[in-house]
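Please look at the sequence and the model below before reading on.

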Amino acid sequence: MEKKVLIIEDEGNLARFLELEFIHEGWTVTTAQEGRVGLQRALEEKWDIIVLDVMLPDLSGVEVCRRIRSESGVPIIMLTARDAIPDRVSGLDAGADDYMTKPFAIEELFARVRALLRRKRPNEGKILVNGPCRLLLEQRRALCYENDVRLTAREFDLFVFLMKNRDRVMSREQILDQVWGFDYTGDTNLVDVYIRYLRNKLSQAGVTDLIETVRGVGYVIRGLDDAD
């Protein structure tokens, strides 16, 4: 089956390097070097994954990500030359599923791509229910009080993992290992960022205090009775 990647990167040498590496791995590759052009291409076709630079001419990568996410759930990996936490958080808050700081090893990029693609695989006929929330795994939809909660691919996988392990306190390291799908060596604060983002979206849907913080350990979703 054809795999399609869109690379939105204004550094010519890096864009060409990524293009050649993805082609070598059997991907069909399209590139864009400007934010607006990349956004247009992102919305014109269906992609398996998008690799998006933060610093782009004419329209920032964060804004491109935000606009893509308003229309599509395609997995997005953001590339940034800045490792400051606020920069990473802004990309994640815009809807990115993962980020990498330049320079990076191409092997790690492909490991993260594979992990995101695994997250996309449907789990046929399965539904997780807890209180007012239902997760339709086949459709990758989250419903709370029967209203859609729009989640990124990573947020959905995090929600699924906690729901499957409800009443079990999961450490940040366990979450990184199981949700990110490989031996992630970065800051475990990444989990906190995604938990906060997920909590905000659940709160907007009228669900508060579903995800409990266990100080010094991690996070847990407690089993709830079905909503009336």
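Predicted model: local features only at pLDDT ≥ 70, side-chain atom pairs only at ≥ 80, totals over all residues.

Residues are numbered from 1 along each chain as its sequence is written, and side-chain values use heavy atoms, with hydrogens and water left out.

**The sheet.** Helices (H or I, at least four residues) and strands (E, at least two) are DSSP runs, numbered from the N terminus. Two strands pair if DSSP finds at least two bridges between them. Five strands form an open sheet with parallel pairing, in the order β2-β1-β3-β4-β5. The edges are β2 (28-32) and β5 (98-101); each has a single partner strand, so one side of each is left without a neighbour in the sheet. Within the sheet, β3 (residues 49-53) and β4 (residues 76-80) run parallel and are joined by four bridges. L52 has M78 in β4 as its bridge partner.

**The hairpin.** Strands β6 (residues 127-130) and β7 (residues 133-136) pair in the antiparallel sense over four bridges. They form a hairpin with two residues between them, and G131 in the turn has a positive phi of about 60 degrees. L128 stands opposite L135 in β7. In a regular strand the side chains alternate between the two faces of the sheet.

Two packed helices are described by the angle between their axes and the distance between the axes. Axes are lines fitted to C-alpha atoms, for helices over the stretch in contact, and angles run from 0 to 180 degrees between N-to-C directions.

| Helices | Axes come within | Crossing angle |
|---|---|---|
| α6 (residues 153-164) and α7 (residues 172-179) | 10 Å | roughly 120 degrees |
| α4 (residues 85-93) and α8 (residues 189-204) | 11 Å | roughly 40 degrees |

Contact means heavy atoms within 4.5 Å. In the pair α6 and α7, R154, D157, L158, F161 and L162 in α6 meet Q174, I175, Q178 and V179 in α7. In the pair α4 and α8, I85, V89, L92 and D93 in α4 meet N189, L190, V193, Y194, R196 and Y197 in α8.
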